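Here is a short briefing for a reader new to this structure.

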Amino acid sequence: MAKPATFDSHARVRARKLFDEGMSCNAIARELGVSASTISRWAKGEGLSFDRSATAAASAAVEVDARARRTLIRSRLYGRVEKLLSSVEAETFKTLVPSGPGEQSTRTLDYVPSNDERNISTSIANYLKEARELERADDDRGVGSAESLLGALARELGLEPADG
């Protein structure tokens with residue numbers, strides 16, 4: 001990132017955003033391309049502190065919020081899966097059919113056309129995959145990325161087969 005000539009109002013707004021996200025003084029300085037003492041003076045002038053316990057609490061709050069949002073999204077994905085399954089398992093199936101140039105109308109059938117069932121099955125599989133990925137994000141606690149990093153390192157060192 002290019003160094004700003006001065007610690008202008010735009011840099012101050014950005015610094016506050018980064019501070020609120022729980023970044024350290026040094027991390028904000030690196031991000032903005034200024035010295036840590038510049039950020040420290042700015043924080044002192046704003047009445048802010050880089051006390052690690054406050055930063056840790058802010059980071060924890062951000063993580064709790066993100067976890068809650070992932071939980072809500074998972075719930076919505078499962079709701080979509082249930083709705084799609086219900087439409088496939090219902091006694092009748094509503095589908096769109098062409099009714100004129102650039103027009104469509106709804107048609108009720110007593111079966112699910114194979115193309116519609118294939119598309120719905122693909123959507124269900126995708127929703128379930130995404131929900132599982134969100135679950136892993138909460139269950140993982142960084143273990144998966146560490147295992148992935150270690151596996152890549154082992155492969156590069158020739159300690160593990162590339163496909164294993």
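In this predicted model, helix H1 and helix H2 have axes that cross at roughly 140°. Angles over 145 degrees would count as roughly antiparallel, and 65 to 115 as roughly perpendicular; H1 and H2 are therefore oblique to each other.

**The H1 and H2 pair**
- Helix H1 covers residues 9-20 and helix H2 covers residues 25-32.
- Their axes come within 10 Å.
- The crossing in which H1 passes H2 is right-handed.
- On the H1 side, the residues that meet H2 are Ala11, Arg14, Ala15, Leu18 and Phe19.
- Their partners in H2 are Ile28, Glu31 and Leu32.

**The annotated span**
- An unreviewed UniProt entry carries the annotation "domain: Transposase IS30-like HTH" for residues 12-41.
- In the model, this span is 77% helix and 0% strand.
- The C-alpha atoms at the ends of residues 12-41 are 11 Å apart.

**The whole protein**
- The protein contains 6 helices and 2 strands.
- Their order along the sequence is α-α-α-α-β-β-α-α.
- Of the contacts between residues at least 6 apart in sequence, 50% join residues at least 24 apart.

**Burial and surface**
- The protein has 164 residues, and buried residues make up 21% of them.

Notes
Residues are numbered from 1 along each chain as its sequence is written. This is a predicted model: local features need pLDDT of at least 70, side-chain atom pairs count only at pLDDT 80 or more; totals for chains, interfaces and linings use all residues. Side-chain values use heavy atoms; hydrogens and water are left out. UniProt positions are given in the numbering used here, feature names are shortened, and annotations may be inferred rather than shown by experiment. Helices (H or I, at least four residues) and strands (E, at least two) are DSSP runs, numbered from the N terminus. Buried means under 20% relative accessible area, exposed over 50%, partly exposed in between (1.4 Å probe, protein chains only). Contact means heavy atoms within 4.5 Å. Axes are lines fitted to C-alpha atoms, for helices over the stretch in contact, and angles run from 0 to 180 degrees between N-to-C directions. Angles under 35 degrees count as roughly parallel, over 145 as roughly antiparallel, 65 to 115 as roughly perpendicular and the rest as oblique. A crossing is left-handed if the near helix is turned anticlockwise from the far one by less than a right angle, and right-handed if clockwise.
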